[in-house]
Amino acid sequence: MIHITENSRYIVLPGTAKLYDRNRILLVVLIPLTITLMQISAVNNALFAIRQTLCASETQLQWILSGYALAIGLILVPAGRLGDIFGRSGAFATGLTIFSIASFLIGLSESPAGLNTLRFIQGLGSGILAPQSTGLIQQYFREEARAKAFAFFGVAVSVSVAVGPLLSGALIGLFGNETGWRASFMINAPLGMAGVVLSLFWLPFGTERKKFGQRGGKIKYVVSQLKTALDLPGIFFLALAVLSVMLPFMTPGSALKWIGLPAGAAALGIWVWWENRYRKRGHLPLVDLRLFGIKTFSYSMLISTIQFLGSTSIFAVFAIFLQNGLHVSAWHVGLITLPSAIASAFGAVIAGKYAYRHGRGIQVLALACLILGLLGTIFTTRLNYYGYPFGWFAVPLCVIGIGAGMMGSSNQTQAMMDVPPEDGGTAGGVLQTGQRMATAIGNALVTAVFFTFSRPVPAGHEKWYLGIVMAYAAICVLIFIALIIAVRFRHEGRRREKKTA
């Protein structure tokens with residue numbers, strides 16, 4: 001059994017006298033996570049340069065974004081389960097290695113097809129790594145310490161959102177289009193490989209392998225367990241469901257693409273049936289569906305999934321509005337959103353101090369801040385229309401940032417607080433898969449609302465203002481639904497406290 005005390009910096013693992021530093025574990029987990037998340041935001045600034053140097057079409061540019069997100073969505077849950085079984089440290093280092101090598105090779109790409117292939121592989125590496133980050137925190141941190149760790153998890157997300165566009169924009173500005181966009185990918189390689197080296201020293205590889213090898217005491221038994229634990233049919237049906245649901249929202253095409261939605265629903269139904277049957281037969285399923293019987297997990301996942309339907313489009317729509325509608329440079333867009341990212345990191349740290357005991361209430365407050373910030377941004381568009389500088393947008397965006405940071409750390413803490421440590425990677429994968437699917441759907445819906453009201457008109461036309469107002473109104477509706485569920489979640493907690501009092 002792992003010996004962990006609440007305030008101890010070090011942990012002692014079974015079968016070894018070595019002390020593992022939890023601060024180092026957290027550092028080696030979060031810095032690579034930040035690098036992989038930066039690839040979501042950084043690439044937006046590089047698309048124009050890629051189009052010029054590789055003569056990429058609109059569809060090929062779309063796949064630079066979609067392929068990465070799709071690969072992450074497909075691999076998250078299987079990677080989380082494999083990390084739970086074989087050891088999260090090994091899975092973490094494997095994912096980071098794949099990500100780093102793919103990043104370097106992307107910088108050498110000479111064709112859009114080659115770039116998109118490598119971009120998909122880069123996404124697979126990121127998807128393998130991501131649930132291990134959650135699982136390692138779940139495994140080696142307890143209670144208040146875990147809440148603080150997830151607060152820094154939220155800081156990592158905030159920093160990646162802010163630094164990504166600024167870094168890629170600076171590299172392109174410094175080295176030019178051709179070298180700049182390549183450098184924005186290749187810079188991940190040395191940083192990622194440094195993370196792999198540090199993980200070999202700071203993460204408990206040997207202990208995890210030894211723990212697994214002792215199961216049953218016989219090689220034959222372990223091999224048998226490996227076959228049942230992989231649950232290949234479960235992986236196939238879940239991947240089919242995720243692919244069928246995400247793909248129609250991520251690619252242009254005819255109306256026939258929407259056939260994927262009922263196909264995805266059918267695949268999801270078959271997956272649920274299979275997972276229950278597989279467990280009842282005594283095997284280890286890809287996801288033990290009893291996980292959704294944990295109220296803190298199921299409520300928090302539902303809240304974050306609905307929130308992600310709207311909130312992940314906030315800055316994407318805002319960037320399009322400023323760049324295409326007002327002819328503001330990408331660099332200035334990054335500067336306007338930078339205070340919001342700093343505020344988000346601040347909100348994550350503050351919320352992390354109280355997320356374990358008061359996380360339900362913090363989620364309510366965080367969602368209310370998001371709505372308030374959105375309404376403030378809508379009001380500021382009116383001011384800008386009448387001549388006020390676009391820099392004023394930074395004020396309501398900071399309110400949005402505070403809400404997003406508070407929401408990230410409190411929701412993550414509440415979602416994982418009752419999940420058994422041995423299922424931490426799988427639970428993290430399920431949670432993030434829901435968020436990725438919601439992101440794909442939400443981006444398509446919100447941008448559709450935005451362009452319905454803003455095109456086709458020249459820059460500066462009042463329709464651009466109408467477009468962002470309607471898009472943000474739609475986001476407000478989605479976050480308000482999440483707020484209602486969060487209020488219900490909080491009331492559930494209060495009733496439970498009264499019963500135990």
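## A selection tour: helices and salt bridges

Select E492 and R488: both sit in helix α16 (residues 462-500), 4 residues apart, about one turn of the helix. The model you are viewing is predicted. Show the two side chains. They form a salt bridge, with the closest N and O atoms 3.6 Å apart. Now color by accessibility. E492 is buried, at a relative accessible area of 16%, which puts E492 under the 20% cut-off. R488 is partly exposed, at 46% relative accessibility.

Next, select R81, D84, R88 and D423. Salt bridges that share partners join these residues into one network.

**Stop two: a pair in α5**

Move to helix α5 (residues 143-186). Pick E178 and R182. Their side chains make a salt bridge, and the closest N and O atoms lie 2.9 Å apart. The two are 4 residues apart in α5, so about one helical turn separates them. E178 is partly exposed, with a relative accessible area of 38%.

**Stop three: across the chain**

E144 is buried, with a relative accessible area of 17%. R357 counts as exposed, at 57% relative accessibility. Side chains of opposite charge can pair when their charged atoms come close. How many salt bridges does a search of the whole structure find? The search finds 9.

**Stop four: helix α10**

Select residues 260-280, helix α10. Now highlight G260, G264, A267, W271, W274, E275 and Y278, which are buried in α10. Turn the view to look down the axis. The buried residues fall within an arc of 100°, so they line one face of the helix. Then select P262, W273 and K280. These are exposed, on the other side of α10. Step past the end of the helix to G282. Its phi is positive, near 90°.

**Stop five: helix α12**

Select residues 314-325, helix α12. This helix has 12 residues and reaches 16 Å from its first C-alpha to its last, close to the 16 Å expected at 1.5 Å a residue. Color the buried residues of α12: I314, V317, F318, A319, F321, L322 and G325. Just after α12 comes H327, with a positive phi of about 60°.

**Last stop: α1 against α2**

Select helix α1 (residues 22-54) and helix α2 (residues 58-86). Their axes come within 10 Å and cross at roughly 170°. That angle is over 145 degrees, and the two helices are therefore roughly antiparallel to each other. Where do they meet? On the α1 side, show T36, Q39, I40, V43, N44, L47, I50 and R51. On the α2 side, show E58, L61, I64, L65 and Y68.

Note on methods. Residues numbered from 1 in each chain as written. Predicted model: local features only at pLDDT ≥ 70, side-chain atom pairs only at ≥ 80, totals over all residues. Heavy atoms only, no water. Expected span 1.5 Å × (residues − 1). Buried < 20%, exposed > 50% of the residue type's maximum accessible area, 1.4 Å probe, protein only. Arc of directions from axis to C-beta. Salt bridge = Lys/Arg side-chain N within 4 Å of Asp/Glu carboxyl O. Axes fitted to C-alpha atoms, helices over the stretch in contact; angles between N-to-C directions. Parallel < 35°, antiparallel > 145°, perpendicular 65-115°, else oblique. Contact = heavy atoms within 4.5 Å.
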